[in-house]
Amino acid sequence: MQTLDNIIGGKAVRSASARTAPVFNPATGEQAAVLPLSTAAELDAAVQVAKAAWPAWAEMPPLRRAKFMFAFKALLDANQKKIAEAISAEHGKTHADALGELQRGIEVVDFCCGIPHLLKGEFSRHVGPGIDTHSDRQPLGVVAGITPFNFPAMVPMWMYPVAIACGNTFILKPSERDPSTSMIVAELFREAGFPDGVLNVVHGDKEVVDAILTHPDIKAVSFVGSTPIAEYVYRTGTAHGKRVQALGGAKNHMIIMPDADIEKAADALMGAGYGSAGERCMAISVAVPIGEETANKLVESLAPRVRALKIGPATDPEAEMGPLVTKQHMEKVLGYIDAGVKEGADLVVDGRGFKLQGYEGGYYVGGTLFDRVTPDMSIYKEEIFGPVLSVVRSPNYAHAVKLINDHEYGNGTAIFTRDGDAARSFADQIEVGMVGINVPIPVPVAYHSFGGWKRSLFGDHAIYGPEGVHFYTRLKTVTARWPDGIKSGAVFTFPSTH
Ligand code: NAD
């Protein structure tokens, strides 16, 4: 069985750790690889390599750095199929979905090819007699990224291309559940000609994460994952003097107004609720129809669609949704369906007991639809991260807005309506970071930035786009006067422009 290596200084390095984790193919339940869980000492070795690579990389003119990024993008484009297959093999998402995530990741690499423009500073001539001031954004040094299982290509690409294009060197700690994608992409990165040590991949679990969070030579940490770990990463990293952006979990609501086209709203909910088996931080997991009539029509329209979902392995081109990532996660999702029934929600479509012939060992859960879910139920309060959509009936628009604003998460949300007033007021009033108007999954494009509110993001910066550039750089402002302008004699008053 294949054992996965770390990539340090451009070379594959076998971890000597005694601890390992199995990597599974979720479509079949068979083990696909062994992942050594690296030690704190191995992380330190990677940091030293990244630290040694940093000065030359930071000194390289941004346009020269960008040339490597162009080459990397071309290699990613040329290898899309291979990367998407690696994603599907360990994550379980369909091939088309894996290609979609990769495409969104490549768009960030695209954005990074033009980063020199965003590193430009400002200049003010003559801020005082003979004095000029300029400011620019400079890299931080060695920075690190810790990523979740659900987007093994895209989420790391939210981080390292931006950090590296800004002049930092990077340590990536991918999810231990689907680590192979990072290996393929790191190899392409090396082929693109980046100097050794600029991007390093260290596999592992809490031991490596803790080593990252406390390492004195790591200046900033980007994290994407569940909220309890995001909060832990934020608190521990900042307590150790690091800049931290930690993106957490979600419970994304979609309001369906009475004037919405119900069939189109139902189609949108199918993709947003069940695509990738609901394992997306921007998945819609709560539908909020306004009024009983809208709710009845919506549930009638959704139920047959959920029953007809085509579920299968990624190798089946007809599949609309694949398995869940691990057996443990499948059991957790099944536990939530049991809890919803116990708590009194109406189980309209039951995905428990779904079996796929020939793939009996796979981690499949059928599409599940609950109606009459109420805010006190655990299936409403908690992130399920599976193919389970809850309908919360709301009497009116104001009630629905309050419902969303009262939720602890604030990642994404959407409203389906033909009413411009309602849409505009929704965008204004809703306490959520990313808002869709007739767009169910409003993931910002690469030249905007991605980030939730409330307990969906800890830290001051959203990720990628201009906010990403700010996160991975610090401002320096230089005030200069040349000898001709310097008057004789000491000045003891505070410097002013007079
Ligand atoms: P996770 O929190 O279990 O793991 C994320 C990372 O943290 C992994 O690299 C893992 O190794 C590490 N980790 C896990 N437990 C740890 C611990 N006790 N101490 C230190 N590190 C630890 O998340 P996941 O299950 O891989 O991913 C799914 C979660 O990620 C969902 O909650 C989802 O909403 C969230 N997510 C959020 C976004 C976003 O942009 N807000 C995007 C994608 C996923």
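Strands are runs of at least two residues that DSSP marks E, numbered from the N terminus. His126 has its place in one of them, strand β6. Welcome to this structure, which is a predicted model. Its protein chain is divided into domain 1, covering 2–248 + 456–478, and domain 2, covering 252–437.

**How the two domains meet**

- The centres of domain 1 and domain 2, taken over C-alpha atoms, are separated by 31 Å.
- In the contact between them, 19 residues of domain 1 meet 23 residues of domain 2.
- The size of an interface is often given as the accessible area lost when the parts come together.
- For domain 1 and domain 2, the buried area is about 1800 Å², and carbon and sulfur atoms give 59% of that.
- One salt bridge is counted between domain 1 and domain 2.
- Asp97 and Arg280 form a salt bridge, in which the closest N and O atoms are 2.9 Å apart.
- Eight residue pairs, with both residues at pLDDT 80 or more, are in polar contact between domain 1 and domain 2.
- On the side of domain 1 that touches domain 2, the elements giving two or more residues are α3 (80–91) and α4 (95–113).
- Of the elements on that side of domain 1, α3 gives the most, with three residues.

**The seven-stranded sheet**

- An open sheet with mixed pairing is built from seven strands, in the order β15-β16-β17-β14-β13-β19-β20.
- The edges are held by β15 (346–349) and β20 (434–437); each has a single partner strand, so one side of each is left without a neighbour in the sheet.
- On average, neighbouring strands of this sheet are turned by 20° against each other, direction ignored.
- Leu347 has Phe370 in β16 as its bridge partner.
- Helix α14 (residues 397–406) packs on the sheet, where it touches β13 (252–256), β14 (284–289) and β19 (412–416).
- The direction of α14 makes about 175° with that of β13.

**The three-stranded sheet**

- Strands of a sheet pair through backbone hydrogen bonds, either parallel or antiparallel.
- Here, three strands form an open sheet of mixed pairing, in the order β1-β5-β4.
- Its edge strands are β1 (2–3) and β4 (20–25), each with a single partner strand, so one side of each has no neighbour in the sheet.
- Strand β5 (residues 30–36) is joined to β1 by two bridges, and these strands run parallel.
- Thr3 stands opposite Val34, which lies in β5.

- Strand β6 (residues 122–128) and strand β7 (residues 131–139) run antiparallel and are joined by four bridges.
- Across this pair, Glu122 stands opposite Ser135 in β7.
- Two residues lie between the strands of the hairpin, in which Gly130 takes a positive phi near 70°.
- Which residues does His126 contact, leaving aside its neighbours within four places in sequence? They are Ile131 and Asp132.
- How many residues along the chain lie between His126 and Val373 as their spacing? They are 247 residues apart along the chain, and 64 Å separate their C-alpha atoms.

Note on methods:
Residues are numbered from 1 along each chain as its sequence is written. This is a predicted model: local features need pLDDT of at least 70, side-chain atom pairs count only at pLDDT 80 or more; totals for chains, interfaces and linings use all residues. Side-chain values use heavy atoms; hydrogens and water are left out. Two strands pair if DSSP finds at least two bridges between them. Axes are lines fitted to C-alpha atoms, for helices over the stretch in contact, and angles run from 0 to 180 degrees between N-to-C directions. Contact means heavy atoms within 4.5 Å. Domain bounds come from an automatic or database domain assignment. Buried area is the accessible area (1.4 Å probe) that two parts lose on being put together, summed over both. A salt bridge is a side-chain nitrogen of Lys or Arg within 4 Å of a carboxyl oxygen of Asp or Glu. A polar contact is a pair of N or O atoms within 3.5 Å; within protein, one must be able to donate a hydrogen and the other to accept it, and residues adjacent in sequence count only if both atoms are side-chain atoms.
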